[in-house]
Amino acid sequence: LISSGLLRTTATNGSVAIALSPLVSSLMAAVILRERFGPMRLAGVLLAAVALQALWLDLADQVEVWCR
C-alpha cells in the first residue's frame, strides 16, 4: 500500500511520507498497543519532527541559514 502510493507522488512528498513512517508507527504503538512512551521515544519523536520541519522548509539546500 505504501509503495504503490509512493509511485504516484513527487520525490519531496515521498521523502516526507518515508520520514513520517517511524513517527506515526511509534505514536500508534503508544496509543493503540499501550506501549510505554518514555523519554528516549519522546526524544526520537522530537528529533524526527525537527528533521521533517527542516525538510519541509527546504533548509538542507539553504546553507546560509545554518552558518549564521
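## Two helices side by side

Helix α2 (residues 11-31) and helix α3 (residues 39-56) pack at an angle of about 155°, and their axes lie 10 Å apart. That angle is over 145 degrees, the cut-off for roughly antiparallel, so α2 counts as roughly antiparallel to α3. Keep in mind that this is a predicted model. Here's a quick tour, starting with the whole protein and then zooming in.

**The whole protein**

- You'll find 4 helices and 0 strands here, so the pattern along the sequence reads α-α-α-α.
- The protein has 68 residues, and 16% of them are buried.

**Where α2 meets α3**

- If you want to describe two packed helices, you give the angle between their axes and the distance between the axes.
- The crossing of α2 past α3 is left-handed.
- On the α2 side, the residues that take part are S15, V16, A19, L20, L23, S26 and A29; on the α3 side, they are R41, V45, A48, L52 and L55.
- Sort the residues of this contact by type and you get 9 nonpolar, 2 polar and 1 charged.

**A closer look at S26**

- S26 sits in helix α2, and it is one of the residues that meet α3.
- Is S26 buried or exposed? S26 has a relative accessible area of 14%, and the cut-off for buried is under 20%, so S26 is buried.
- Which residues does S26 touch, leaving aside those up to four places away in sequence? Its partners are F37, R41 and V45.
- Two of those partners, R41 and V45, are on the α3 side of the helix contact.
- Take the pair S26 and R41: they are 15 residues apart in sequence, yet their C-alpha atoms are 7.8 Å apart in space.

**R34, in the loop**

- Between α2 and α3 there is a loop, and R34 is part of it.
- The phi angle of R34 is near 60°, which is a positive value in a residue other than glycine.
- With a relative accessible area of 70%, R34 is over the 50% cut-off, so this residue counts as exposed.

Note on methods
Residues are numbered from 1 along each chain as its sequence is written. This is a predicted model: local features need pLDDT of at least 70, side-chain atom pairs count only at pLDDT 80 or more; totals for chains, interfaces and linings use all residues. Side-chain values use heavy atoms; hydrogens and water are left out. Buried means under 20% relative accessible area, exposed over 50%, partly exposed in between (1.4 Å probe, protein chains only). Contact means heavy atoms within 4.5 Å. Axes are lines fitted to C-alpha atoms, for helices over the stretch in contact, and angles run from 0 to 180 degrees between N-to-C directions. Angles under 35 degrees count as roughly parallel, over 145 as roughly antiparallel, 65 to 115 as roughly perpendicular and the rest as oblique. A crossing is left-handed if the near helix is turned anticlockwise from the far one by less than a right angle, and right-handed if clockwise. Ala, Val, Leu, Ile, Met, Phe, Trp, Tyr, Cys and Pro count as nonpolar, Asp, Glu, Lys and Arg as charged, and the others, Gly among them, as polar.
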